[in-house]
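Let's take a walk through this model together. Have the viewer open, and we'll go piece by piece.

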Amino acid sequence: MTSGIVLYNYELDDSCYRVRLALSLLGLEWQAVAVDVFPGKEHLSPPLLAMNPSGRLPILRDGDLVLHGTEAILAHLARSHDPSGEWLPAQGIEFAEVMQWLIFSANDLGVTIAARQHSLFGTPGDETSLRAASARAVRIMDDHMTARGFTQLEWFAAGHPTIADIALFPAFALSRDFGIDHDEYPALRRWARRFRALPGFKTMPGIPDYH
Amino acid sequence: MNPKNCWHPLGLSHSIEAGSSAGTRLLDRELVVWRDNSGVAHVWEDRCPHRGMKLSFGFVRGDHIACLYHGWQYNSGGHCQYIPAHPALDVPKTIKVPVYPAHERNGMVWTALSENPPSVPDDDEPVVPLRSLYLGCGVEAAAAALNACRLVPFGSQTPADTTVSRLSDTLFALSCAQDRLLVGIQAISNTRTALHLSIVGSAERYNGAGQSHLNGWALQWRQALETRAANARLDQDVA
């Protein structure tokens, strides 16, 4: 049995970045186990497959719990380690909307992950259709934040940042990695600026540090 | 339209916050729109003279914009003022980013491509920002679609007769019942056009519910255009 939080992490993986962001924004202590995904394919090695048979990162160990699935990990961290309850509101409309955007992240943004891996690591896929589908998903996010702006709501699912914002941020912040510029998404540019100003915000390769 | 003889909108004013920058394209030229901390908007070529990095990837500090690559800092006239790798250097005046004129009218940031641009249109009506729409067609097709559009006025659920007038090469007005929208047309390329929409009127009347209503109309209109374009492609494939 291990005590404390351990993240099986690959620095260039945007889903691992979602979890690193959550750990940092929640101010948690954690340890990383580096996994050599590219070129080592260590995520497909027997010890990693034993923890996640789907062969994907991130994997989180928290005491006796071994958990995979980015959005499940975000929800677990918020529910178990955020005494304020704000990152995952317990009930009502805010809970429902956080769930809606987490599931959007898990489903609709999968194509942005595939597009980025295709661009960076040459994984299989058709670049044109991956980009078109990614642009559609990002536009859905921009349309949502445009509409929110008319009622002075600055975050995706509540009046304050939640794990929905954490799940959605990397797809936009890293979109230039897969050929989608920020030009046509004014509401997401403004939201990303606010997100970057959150205490505990961290960048990753592909997301610039301003100095 | 002679692109040299008119002003071009590049976005809604409120979408460029003080201390931020955004890249855009006008007739295939890459431009950066940035707003300094005192709130003044600037339009420049989106290219650092040092290594060609896009300045829109950089960041604004005070009245300077800094390139992300090596931190070269430019003042609002486009002159390089500071090179971090050579802190004591008095930077030569020749290191300069091409600067375009920038003006704000009708809730939009405008620029001109000519060195002797026409005078700035002096009409500046009080407006409430609506949104920008990005379309996969050229400006003429976008203008034709605008000419045929029917607004659903605020407070109504049905499209109504809409008077469409072209105020200049790049600015349309849509009037319907009590509502009036100004639409700035940005020619991004031959196949891509941005429309920037402002609502003429007071914040008391349109902030919140009015913006949401007209945003809903704009999204439905975009949807209809995209469906029509997709069907036309399908017809072409069959033929």
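Domain bounds here come from an automatic or database domain assignment. For chain B, that assignment gives domain 1 (3-111) and domain 2 (127-238). Before going further, some housekeeping: this is a predicted model, where local features need pLDDT of at least 70 and side-chain atom pairs count only at pLDDT 80 or more, while totals for chains, interfaces and linings use all residues. Residues are numbered from 1 along each chain as its sequence is written, and chains are lettered from A and ligands numbered from 1 in the order in which they are written.

Back to those domains. Taken over C-alpha atoms, the centres of domain 1 and domain 2 of chain B are 29 Å apart. Where they touch, 15 residues of domain 1 of chain B are in contact with 14 residues of domain 2 of chain B (contact means C-beta atoms, placed from the backbone, within 7 Å). On the domain 1 side, E1(B) brings the largest share, 5 residues. By class, that side has 8 nonpolar, 5 polar and 2 charged residues; Ala, Val, Leu, Ile, Met, Phe, Trp, Tyr, Cys and Pro count as nonpolar, Asp, Glu, Lys and Arg as charged, and the others, Gly among them, as polar.

Now look at strand E1 (residues 8-12) of chain B itself. Strands (E, at least two residues) and helices (H or I, at least four) are DSSP runs, numbered from the N terminus. In E1(B), 5 of its 5 residues are buried, that is, 20 or more other C-beta atoms lie within 10 Å of their own. E1(B) pairs with strand E11 (residues 108-111) of chain B in the antiparallel sense, over 4 bridges; pairing takes at least two DSSP bridges. Across from B:Gly11 you'll find B:Val109.

Inside it, E15 (residues 179-189) and E16 (residues 192-200) of chain B are joined by 8 bridges, with B:Gln186 partnering B:Ala194.

Finally, hop to chain A, where helices H6 (residues 127-149) and H8 (residues 186-196) pack at about 75°, axes 7 Å apart. H6(A) and H8(A) are therefore roughly perpendicular (65 to 115 degrees).

Notes:
A residue is buried if 20 or more other C-beta atoms lie within 10 Å of its own, exposed if 12 or fewer, and partly exposed in between; C-beta atoms are placed from the backbone. Axes are lines fitted to C-alpha atoms, for helices over the stretch in contact, and angles run from 0 to 180 degrees between N-to-C directions. Angles under 35 degrees count as roughly parallel, over 145 as roughly antiparallel, 65 to 115 as roughly perpendicular and the rest as oblique. Two residues are in contact if their C-beta atoms, placed from the backbone, lie within 7 Å.
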